[in-house]
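Trainee: Could we take a close look at the sheet of this protein, with the contacts and salt bridges around its strands? I should like one connected account.

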Amino acid sequence: MSSGDTLKPMVGRRSALRLALAAMVTLGLARTARAAPAVKVEVWKDPSCGCCEGWVRHMRDAGFNVTVREVADVRPVKAASGVPEALWSCHTAVVDGYVVEGHVPAADVRRLLAERPRAKGLSAPGMPPSSPGMDIQGTPYEVVAFGAPEADWVWARH
């Protein structure tokens, strides 16, 4: 066997390894390019509200990019955002043009952003004990879509 014969399989293997490496890099870059940036959430809350912090953690854990604005009185934010007083909770957020009032689960917010209904936003009225941030299981609650031209409606039951 000549030295040229022994090199052919090695060159073939090296080429195959280079192709495999190039494919892995290309696929990795393609996945990175397709990764959506985190959706921005801006939250207004009282500085001493622990359950609001729990909801912020829930949203961050779900992949949202959350900015917190601590204010002594959240009521003006709620009123300016068009949240009906009957639907008020302890904190108010804005997500991609929608208002999210209170302890609305991240999955409901994701659905809101995917479906984009003609509504002002979502609310988990009051402070439902089983909601994210409250975390006391066992009490069913509803999330309401509000501010639609037709009427408010139940968005989700938990």
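Mentor: In what follows, buried means under 20% relative accessible area, exposed means over 50%, and partly exposed lies in between, with a 1.4 Å probe and protein chains only. The model is predicted, so local features need pLDDT of at least 70 and side-chain atom pairs count only at pLDDT 80 or more, while totals for chains, interfaces and linings use all residues. Residues are numbered from 1 along each chain as its sequence is written, and side-chain values use heavy atoms, with hydrogens and water left out.

The confidence comes before the details. The mean pLDDT (the predictor's confidence in each residue, from 0 to 100) is 86 for the protein, and 77% of its residues reach 70 or more. Over residues 5-10 pLDDT stays under 50, and the model has 1 contact (heavy atoms within 4.5 Å) for them beyond four places in sequence. Residues 19-34 also stay under 50, with 0 contacts beyond four places in sequence. Where pLDDT is low, the predicted coordinates should not be read in detail.

Now to the sheet. Helices (H or I, at least four residues) and strands (E, at least two) are DSSP runs, numbered from the N terminus; two strands pair if DSSP finds at least two bridges between them. The open sheet is formed by 7 strands in the order 2-1-3-4-5-6-7, with mixed pairing. Strand 2 (65-70) and strand 7 (153-157) stand at its edges; each has a single partner strand, so one side of each is left without a neighbour in the sheet. On average, neighbouring strands of this sheet are turned by 20° against each other, direction ignored; axes are lines fitted to C-alpha atoms, for helices over the stretch in contact, and angles run from 0 to 180 degrees between N-to-C directions.

Within the sheet, strand 5 (residues 121-124) and strand 6 (residues 142-146) run antiparallel and are joined by 3 bridges. Ser123 has Val144 of strand 6 as its bridge partner. Helix 4 (residues 106-115) packs on the sheet, where it touches strand 3 (92-95), strand 4 (98-102), strand 5, strand 6 and strand 7; the direction of helix 4 makes about 130° with that of strand 7. The loop between strand 5 and strand 6 holds Ser131. This residue is buried, at a relative accessible area of 0%, and Ser131 touches His103 and Tyr141, not counting residues up to four places away in sequence.

The salt bridges complete the picture. If a salt bridge is a side-chain nitrogen of Lys or Arg within 4 Å of a carboxyl oxygen of Asp or Glu, the count comes to 9. One of them pairs Glu70 with Lys45, the closest N and O atoms being 3.4 Å apart. Glu70 lies in strand 2 and Lys45 in strand 1 (residues 40-45), so this pair links distant parts of the chain, 25 residues apart. Glu70 is partly exposed, with a relative accessible area of 48%, whereas Lys45 is buried at 0%.

Another salt bridge forms between Arg157 and Glu142, with 3.1 Å between the closest N and O atoms. Here too distant parts of the chain are linked: Arg157 belongs to strand 7 and Glu142 to strand 6, 15 residues apart. Arg157 is exposed, at 64% relative accessible area, while Glu142 counts as partly exposed at 35%. Finally, salt bridges that share partners join Lys45, Glu53 and Glu70 into one network.
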